[in-house]
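Thanks for coming. I will take a few minutes on one model, with the sequence and structure on the screen.

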Amino acid sequence: MIEATVLIVDDEENIRQSLSGIFEDEGYDVITAGSGEEAIKILKNQNPDLVMLDVCLPGMDGIQSLTEIKKVRPDLPVIMISGHGNIELAVKATRMGAYDFLEKPPSLERVLLAVTRALEKQSLEMENKALRQNLIKRWNLVGNSQKMHHLREQIDLAAKSNSRVLILGESGSGKELVAHILHEKSTRMDKPFIEMNCAAIPQELIESELFGHEKGSFTGAFERKKGKFELADEGTLFLDEVGDMSLPTQSKVLRIIETQEFQRVGGSKNIKVDVRIIAATNKDLLEGVKKGSFREDLLFRLNVIPIQVPPLRERKDDVPELVKFFLDYFANEYGQKPKKVTPEGVGTLTAYDWPGNIRELRNIIERMVIMTPSNTITPRDMLIGGTTRSDYFALNTLRDARDSFEKDFIAKKLEENNWNISKTSEVLDIERSNLHRKIKAYEIKTP
């Protein structure tokens with residue numbers, strides 16, 4: 001059993017002794033106080049895990065004491081006990097933060113059950129708090145360049161509102177990270193964060209993904225399914241690569257933004273939601289408006305607060321800090337001792353332009369952590385830019401060199417496009433099926 005300390009606050013000595021005996025027999029440590037004032041003094045110097053608090057106390061009564069306890073230790077579970085229990089008093093105590101309300105004389109089983117449940121609840125809350133802190137650390141912007149300071153200022157200002165945000169930036173620059181931070185810093189942080197990559201979903205399924213569908217609404221719809229908008233109710237919906245959304249879907253998204261209502265595919269019932277939309281794209285949406293591939297009115301709706309994420313080549317001062325961050329991250333991920341990069345190595349990494357941005361740097365650091373036997377990484381261990389690929393001139397035949405280049409070129413384009421097959425095949429100007437065959441033939445490992 002986990003050791004826990006219980007503070008018993010009661011003006012009757014026999015009650016204090018009786019409860020102390022019960023808790024000590026169960027392995028708890030016990031502290032006692034004869035008044036609310038004494039209990040507050042104890043809390044300022046000691047750290048009990050739970051308080052048993054009598055309602056009828058001399059001087060400051062139990063309800064007043066509860067108020068003061070919550071000022072000192074807001075998360076401390078308090079169980080009220082009273083010889084004159086009534087529903088009105090119990091409700092009042094509960095609203096003020098008491099975990100439970102017991103009538104005197106409380107039974108042994110009732111006391112122990114209440115304490116066990118209160119401590120379990122507190123343990124879960126502490127665990128959730130720790131997980132949230134770890135999550136916040138995970139969604140952390142690394143770098144202290146001027147551009148990063150400006151980006152943090154924009155995020156802090158935008159996060160406080162419920163306005164829609166459009167995150168602009170190159171592939172791999174960290175747009176998804178910015179979206180997560182905006183949510184974590186917002187008033188919706190305890191509500192769902194739902195994300196959807198508009199480029200990764202086939203156009204014929206994107207409406208079902210966004211709005212959900214009713215059973216039997218199309219072939220394969222064997223049951224009702226909630227869409228992203230419904231799942232994100234009261235929270236945040238992150239529409240990544242919004243520039244790849246079809247015009248018909250854009251029209252429906254525009255309507256939802258205006259009304260906060262929609263219907264599932266195959267349904268007739270209007271569903272009302274409260275969703276904050278954060279969108280992101282690496283495309284020039286104004287150019288899309290000119291070409292007719294993106295609705296101007298939707299752009300205006302999404303672009304309430306634009307946030308530009310700078311490419312890594314424009315904040316090279318951050319590269320050394322990013323290198324250290326990823327070295328520590330992957331050392332922890334793979335259970336290794338953190339490796340170090342020589343000053344010359346850091347210079348090499350800083351001099352490179354990083355067309356794949358943070359994603360490219362992250363992948364290269366991961367590769368070095370795994371493939372470098374030494375604890376010190378030098379420029380000779382680095383495979384970046386043109387040197388990341390095979391030495392084609394060392395190959396004997398034109399066919400071998402061509403195959404090697406094609407494999408490296410496809411892998412590079414997949415990496416640049418976040419391993420999205422549809423998008424990469426479009427960039428390479430080949431059919432999706434052809435790209436799938438080449439990935440399989442060249443044994444390219446996808447995430």
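I will go through the salt bridges and then the cavity.

This is a predicted model: local features need pLDDT of at least 70, side-chain atom pairs count only at pLDDT 80 or more, and totals for chains, interfaces and linings use all residues. Residues are numbered from 1 along each chain as its sequence is written, and side-chain values use heavy atoms, with hydrogens and water left out.

Salt bridges, then. The structure holds 23 of them, where a salt bridge is a side-chain nitrogen of Lys or Arg within 4 Å of a carboxyl oxygen of Asp or Glu. One of them pairs Arg 313 with Glu 170, and the closest N and O atoms are 2.4 Å apart. That pair links distant parts of the chain, 143 residues apart. Arg 313 has a relative accessible area of 36% and Glu 170 one of 28%, so both are partly exposed; buried means under 20%, exposed over 50%, and partly exposed in between, with a 1.4 Å probe and protein chains only.

Arg 295 and Asp 297 form another salt bridge, at 2.7 Å between the closest N and O atoms. Arg 295 is partly exposed at 27%, and Asp 297 is partly exposed at 33%.

Now the cavity. A cavity here is a set of points on a 1 Å grid over the protein atoms alone where a 1.4 Å probe fits but cannot get out; the volume is the space filled by probe spheres set on the points. Its lining includes Ser 171, Glu 241 and Lys 423, lining residues having an atom within 4 Å of a point.

Conventions: On a 1 Å grid over the protein atoms alone, a cavity is a set of points where a 1.4 Å probe fits but cannot get out, and a pocket is an open set with protein on both sides within 12 Å along at least five of seven lines; lining residues have an atom within 4 Å of a point. Helices (H or I, at least four residues) and strands (E, at least two) are DSSP runs, numbered from the N terminus.
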